Amino acid sequence: MITTDEHRSRRAAVLDWLQYEQSDAVALLQGAPKESVHGLFRQYNDFQYLCPVQTPHAYLLIDGRDRTTHVFLPWQTREAREKEGALLSASDCEAAREALGVDAVHPVSELMAYLERVSHVYTPMRPGEGAVQSWDTVHRAQQERYSDPWDGRPDRMRWFTTLLRDRIPGATLADLSPILNDLRLIKSDAEIALLRRAGQLSARGLIEAIQTTRPGMFEYELDAVMRYTYLSHGARDVAYRAIVAGGANAWYGHYVANDARLRDGDLVLVDCGPDYRNYASDITRMWPVNGRYSNEQRELYGFMVEYHKALLRRLAPGVTAEWVRDDAAEEMAAYIRQNPFSRPEYQEAAQRALVFPYHLSHPVGMAVHDVGHYRGTVLEPGIVLTVDPQLIIPEARLYVRVEDTVVITETGIENLTAEAPLELDEVEALMEQEGIAQRFPRMWND
């Protein structure tokens, strides 16, 4: 659990950064809106990181002029309170202040008064990450909206910055994202504890899916099994829409239709993770729908498992991601020489994989593709990232990969998703067990 003191220390770090940049600056964050009447509200990650306000349409002002923090909340009507339950609101500012551990809470209507004489305003100049969102997925959705000649409307962040420029024209507006990126990249012990739990749920959901898999099932049934596992163990939902890609669907790296039948003889690629108390995880495994890897599947997926382990063995504080990749590539080049592939295109793809730059992939945290940058510098304790080697064989339209989420520790790594089996024989043994879908068969045939 993230304590009030930890949130306070994060805001203090922002204040220190503000005063280094500009002594009279303020940081202003806009909270998430209520997306729908019946939707489960999830605060934007940047806002939640600094102050755990679970009220839609809140604002956070971190004032570098006197090192105080102010939260601005809307009123909650009696009707809304009776239908949805009580939220922190302007109806009781003192109770909200005590709950949040900030200096003051005000109605949103008073925000403008605190901005009238401000000369420098820092605000995140990126869209907020909400439920089932990461910064990159939000950006891609923006690009599609902008390309629509009948849409093209600005996102909420751009509209907010437009209003700030209009309403406080004398102030300089700048981006708060760089300090938030740096802070969010290095996880605290409390964050790692939540990420550890999220990783365990990822693995256990995957285990249930492996046990459940049978020819003739639909991809979405495996998704349902994993979601059940997450929710029944305290997760609020998924961190991202699962990829459940049977057979040829695995070629599409971000396949999310999940509506095809699983066929005897195919592999299924599953990439999934929960949203556990605002923290995510990420895991990928591939397994045979019929319970036995074919010789060709063992050849390709087995190679990626060995490559994956080579990367894991080298991760540690004080080394760079680039060194880990290059050193593991030397080991795997020898592996390829000793274990030649059955087809030349497989061998060529494996050799290409050794120079692919992104086997150590994205940070993980409050979003599955979390903010922050670790490439080009040494890895530090507290960095959480995915190890995600990929084999791409375009001639055969084959895509093979395996993924875990790890945290860099003082002495090496902790694999947060290690409960999920990695070795191929272990996967096959697990598939001999009965899964939830066998214990609770369909009421009717689709």
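Beyond its neighbours within four places in sequence, His308 is in contact (heavy atoms within 4.5 Å) with Val387, Pro389, Val402, Glu403, Asp404 and Leu422. The model is predicted, so that local features need pLDDT of at least 70 and side-chain atom pairs count only at pLDDT 80 or more, while totals for chains, interfaces and linings use all residues. Residues are numbered from 1 along each chain as its sequence is written, and side-chain values use heavy atoms, with hydrogens and water left out.

His308 belongs to helix H11 (residues 295–314), where helices (H or I, at least four residues) are DSSP runs numbered from the N terminus. His308 counts as buried because its relative accessibility is 0%, buried being under 20% relative accessible area with a 1.4 Å probe and protein chains only.

Helix H9 (residues 189–212) has 24 residues, which at 1.5 Å a residue should span 34 Å, and its end C-alpha atoms, 35 Å apart, agree with this; the expected span is 1.5 Å times one less than the number of residues. H9 is also mostly covered, with 17 of its 24 residues buried.

Rolling a probe the size of a water molecule over the atoms shows where empty space is left. On a 1 Å grid over the protein atoms alone, a cavity is a set of points where a 1.4 Å probe fits but cannot get out, whereas a pocket is an open set with protein on both sides within 12 Å along at least five of seven lines, and lining residues have an atom within 4 Å of a point. The second largest pocket holds about 500 Å³ of space, and of the 21 residues that line this pocket, His7, Gln48, Pro52, Gln54 and Asn278 are the closest to its centre. Helix H1 (4–21), helix H2 (45–50) and helix H4 (93–100) are the elements that give two or more residues to this lining, with the largest share, three residues, coming from H1.

A search of the whole structure finds one cavity of 30 Å³ or more; among the residues that line the largest cavity are Arg42, Asp275, Asn278 and Tyr279.

| Space | Volume | Lining by class |
|---|---|---|
| Second largest pocket | about 500 Å³ | 12 nonpolar, six polar, three charged residues |
| Largest cavity | about 50 Å³ | seven nonpolar, three polar, two charged residues |

In these classes, Ala, Val, Leu, Ile, Met, Phe, Trp, Tyr, Cys and Pro count as nonpolar, Asp, Glu, Lys and Arg as charged, and the others, Gly among them, as polar.

With a disulfide taken as a pair of cysteine sulfur atoms within 2.5 Å, the count comes to zero. Cys51 is in no disulfide, the nearest cysteine sulfur, that of Cys93, being 13 Å away. Cys51 is buried, with a relative accessible area of 0%, and Cys272 counts as buried at 1% relative accessibility.

Conventions: Buried means under 20% relative accessible area, exposed over 50%, partly exposed in between (1.4 Å probe, protein chains only). Grid points are joined across faces, edges and corners, and a volume is the space filled by probe spheres set on the points.
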